[in-house]
Amino acid sequence: MSDVQTTTHATEPYRLYLNEDQIPKRWYNLRADMPEKPDPIRLPNGAVATHADLAPVFADKLVDQELDDETPYFDIPAGVLEMYKVYRPSPLCRAYNLERALGTPAKIFYKFEGNNTSGSHKLNSALAQAYYAHEQGLSTITTETGAGQWGTALAEAAAHYHLDLDVFMVRCSYEQKPFRRNIMETFGANVTPSPSDSTEVGRRMLAEHPEDASGSLGTAISEAVERALHVPENRGRYQLGSVLNQVVLHQSIIGLESYEALRELGEYPDIVIGCAGGGSNLGGLIAPFMRDKLTGVHPDTRFIAVEPASCPSLTRGRYAYDFADTGQTCPLCKMYTLGNGFIPSPDHAGGLRYHGMSPIVSKLHHDGYLDAEAVLQTDVFAAAERFAKLETILPAPESAHAILVAMREAEKCRETGEAKTILFGLTGTGYFDMVAYDKFNRGEMEDHVPSDEELERGFATIPAVPGIQEAGGLA
């Protein structure tokens, strides 16, 4: 079917912006409504991690949020709300052109988080994390970044709250996306390719894998944590852009705004779709809709997490306690994991190249509330380019995973005649991913699906936890 069709009458706006006073004043904690909570964070000896165990790594208020499974809402501090108003509310868009091109009776909505300098949803949590560090009187924060969106967002937030920032950027992304590094440096961040020779963890990784220094988010996390722990006078902390409960909490603003905008339109999604690397954008988007499913208000809504076939933690990983970082310096999370030592292929969805998945997202998937699909990057880029031609937004490769599956679900509706409402998260723009788009357009992009043998090598790095599990993630 041709992508060009006769325009139909728009019963809903192409873009709906809430008013500024409709920006949520509280983040929503989905854990409060989960019938079974995610398993607690543990130390390597099997003990449940306490506030005192996490406080040397994370700002105190963030530790409070990380460990709280019961409080349903957290007030957004005035200093964060003030900055949210610079770029929020973000628009809820109706993909009329895409609908017509697909010939589907489905309604396709997407929440677009790219209208800020970071180009993504990452600023939602970066502002919160930097604010709490500033309020605690810290001087320095450290982090990792893959595609560069998180590093960019945290550089912006650090500059606003007058904090020094060290960023360890996965080496293959550092080389693929130099302009991302340039933006971070423009905002005053110090950016180092990971693995590096500036930390003990980095030097060890370079020695152990001299043939493959492309890096991973797990390694970059280890380097950033090590750097944070060596800031003089204990005035440094590490900040993570995904995975953790606190980050999913901050990203709930995406879902809360989507919920209110759809309510104004008299709509409710039958399917909610998000890309999944560490799980924060997905967890934030689905939060209020998943609440309705868990509480029986809308029990039939389907949720789909979309991940790269090259890094298939949800679809081929093990549900086990594992380190969040390759250097094994962090506490253990119960999550779907490929093993902290798994090194994914250097594909172009850098933000999804992480060995594990959010404990919240993992628990929802394990308990049957959330489906997962793994897709090939060549299919992802084909969908991204078709979407760009129709909707005029060049999506980030990460977001294009959700676009691909949304298109497939809409095509199923065309076959069945069902007029379902589909919501997906367009979490960022792809204007710094032109090396990847160029490779796709030249036919030079390849797909990599790890073999069972490759996965087993990663699983072998999952630790034994006394009284909890055997090595390799076995119960």
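Here is a tour of the sheets, a helix, the cores and some backbone details.

This is a predicted model, in which local features need pLDDT of at least 70 and side-chain atom pairs count only at pLDDT 80 or more, while totals for chains, interfaces and linings use all residues. Residues are numbered from 1 along each chain as its sequence is written, and side-chain values use heavy atoms, with hydrogens and water left out.

**The sheets**

Helices (H or I, at least four residues) and strands (E, at least two) are DSSP runs numbered from the N terminus. Two strands pair if DSSP finds at least two bridges between them.

Let's start with an open sheet of seven strands, ordered β1-β4-β5-β15-β10-β11-β14, with mixed pairing. Its edges are β1 (15-16) and β14 (371-375), each of which pairs on one side only. Within this sheet, β5 (residues 107-112) and β15 (residues 421-426) run parallel and are joined by six bridges. Phe109 has Leu423 in β15 as its bridge partner. Helix α12 (residues 280-294) lies across β10 (271-275), β11 (302-308) and β15, and runs at about 160° to β10. For such angles, axes are lines fitted to C-alpha atoms (for helices over the stretch in contact), and angles run from 0 to 180 degrees between N-to-C directions.

Another open sheet has four strands in the order β8-β7-β6-β9, with parallel pairing. Here the edge strands are β8 (190-194) and β9 (236-238), each pairing on one side only. From one strand to the next, the twist averages 20°. Strands β6 (residues 140-145) and β7 (residues 164-170) pair in the parallel sense over six bridges, and Thr143 stands opposite Val167 in β7. Helix α10 (residues 217-229) packs on this sheet and touches β6, β7, β8 and β9, with its direction at about 170° to that of β6. Contact means heavy atoms within 4.5 Å.

Strand β12 (residues 318-323) is joined to β13 by six bridges, and the two run antiparallel. Tyr321 stands opposite Lys334 in β13. Six of the six residues of β13 (residues 332-337) are buried, so this strand is largely enclosed by the rest of the structure. Buried means under 20% relative accessible area, exposed over 50%, and partly exposed in between (1.4 Å probe, protein chains only).

**Helix α11**

Helix α11 (residues 245-265) has 21 residues and reaches 30 Å from its first C-alpha to its last, close to the 30 Å expected at 1.5 Å a residue. That expected span is 1.5 Å times one less than the number of residues. At Gln251 the helix α11 bends by about 30°, where the bend is the angle between axes fitted to the seven residues ending there and the seven starting there. Because 16 of its 21 residues are buried, α11 is largely enclosed by the rest of the structure. Just after α11, Gly266 takes a positive phi of about 70°.

**The nonpolar cores**

A nonpolar core is a set of buried Ala, Val, Leu, Ile, Met, Phe, Trp, Tyr and Cys residues joined through side-chain atoms within 4.5 Å. The largest has 71 residues, and Trp27, Tyr84 and Leu127 touch the most other members. Helix α5 (residues 123-135) gives the most to this core, with eight residues. Leaving aside neighbours within four places in sequence, Leu127 is in contact with Val80, Met83, Tyr84, Tyr87, Ala157 and Tyr161. Apart from that core lies another of 38 residues, among them Ile271, Val306, Ala383 and Leu426.

**An exposed strand residue**

Asp75 sits in strand β3 (residues 73-75). It counts as exposed, at 58% relative accessibility. Not counting residues up to four places away in sequence, Asp75 touches Lys25, Arg26, Trp27 and Tyr132. Asp75 and Lys25 are 50 residues apart in sequence but 6.2 Å apart in space, C-alpha to C-alpha.

**Backbone details in the loops**

| Bond | Omega |
|---|---|
| Arg88 to Pro89 | near 0° |
| Ser194 to Pro195 | about 5° |

Pro89 lies in the loop between α3 (78-87) and β4 (92-94), and Pro195 in the loop between β8 and α9 (200-208).

Val243 has a positive phi of about 70° although it is not a glycine. Val243 is in the loop between β9 and α11 and is buried, with a relative accessible area of 3%. Gln328, also not a glycine, has a positive phi of about 60°. Gln328 is found in the loop between β12 and β13 and counts as partly exposed, at 39% relative accessibility.
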